[in-house]
Amino acid sequence: MSALNGGHGLVNTITIPEGWDLSQITPQLARTLRVPADSVRAAMRDTALLARLDIPNPTLEGYVFPDTYAFPLGTTARQAVREMVFSFERRWKPDWDSSLADLKINRNDLVTMASIVEREARVPEERPVIAAVYYNRLRKGMLLQADPTIQYALGHHVGRVLYKDLEVASPYNTYIHKGLPPGPIASPGVASLAAAAHPASVPYLYFVASRDGHHEFRMTLQEHTTAIRQVRATLPSRKTKPMMLASAATNATARSASTSAAKPAAKLSSRTASRTPAKTPAKTTVSKTPAKTTSSKLAPKTAGKTTVKPVAGKTIKSTATTKKRTTTRTHTTQ
């Protein structure tokens, strides 16, 4: 009645947060529009939109702009996705195009970088610095080693990235493949797009996340290792270790050494990640022995025997006394 009296149409509202990827957006949009998820997935592969934005990837990942939308009742999945992509085009700033030439990248690369920054940054003012770190590594031929790309390559959310996850076979694995991944890993907002277009002028190559979400940036591996120790020292003993950007290496040996030296076991934040497989402490449960125990649950009995051993011309009697012993059973879970 309020909508009719006010002259407003009935709408379904949806909010897409910055940093969501299509696996998160798709089911939410399907519920909002009350349409099958498959129809949303098909809309996310709209070839006309892919050609319009010159996207080299099979989906619109990264180009579905994060914002709050009000779709009239009856809006189809294709119509909704088009509106979200058109919103991306409206937010794109002309000066970002001029930055592409300076950075020697194309728009897909910039959106990809912005998506990584979006998933890494916790403090808004650090976005340009984080972008600068990754651009610096690219220019030096170093591996990006960005944890968010591992999360994306796995295809599902994990609380922390383990060492085994770094071996996932995917072109999005920036611990194996040099350069940027093939495309965006999430939907970046305006702030992250601006940071990717205008990175800070800093020489940093490494960063480690602290407890409060800000990062410590360093230029050398030695400085980075020191920063890691300092961050760890501030952590309560029951907390896991922080995430950091591991050092890149030009060969397998150097990469292995630098990663083991630079990567702690776990990330501070929920997104971010550990490199060491979690080990569950062994728990030992001791069962109480009943007053009467069957012979099958007891240690073997030794019958009392008297043995005689000749030692240096003497005979010594040694009596082995048998004592009843009960054993407890332990169950160790790992």
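This is a predicted model: local features need pLDDT of at least 70, side-chain atom pairs count only at pLDDT 80 or more; totals for chains, interfaces and linings use all residues.
Local features require pLDDT of at least 70 and side-chain atom pairs count only at pLDDT 80 or more, while totals for chains, interfaces and linings use all residues. Residues are numbered from 1 along each chain as its sequence is written, and side-chain values use heavy atoms, with hydrogens and water left out.

The structure contains 8 salt bridges, each defined as a side-chain nitrogen of Lys or Arg within 4 Å of a carboxyl oxygen of Asp or Glu. One of them pairs Arg-52 with Glu-89, whose closest N and O atoms are 2.9 Å apart. Glu-89 is partly exposed, with a relative accessible area of 25%; buried denotes under 20% relative accessible area, exposed over 50%, and partly exposed the range in between, computed with a 1.4 Å probe on protein chains only.

A further salt bridge joins the side chains of Arg-90 and Glu-83, at 2.9 Å from N to O. Arg-90 is exposed at 53% relative accessibility, whereas Glu-83 is partly exposed at 29%.

The salt bridge between Arg-127 and Glu-118 has an N to O distance of 3.4 Å. Arg-127 is buried at 16% relative accessibility, and Glu-118 is likewise buried, at 7%. Elsewhere, salt bridges with shared partners connect Asp-46, Arg-78 and Arg-82 into one network.
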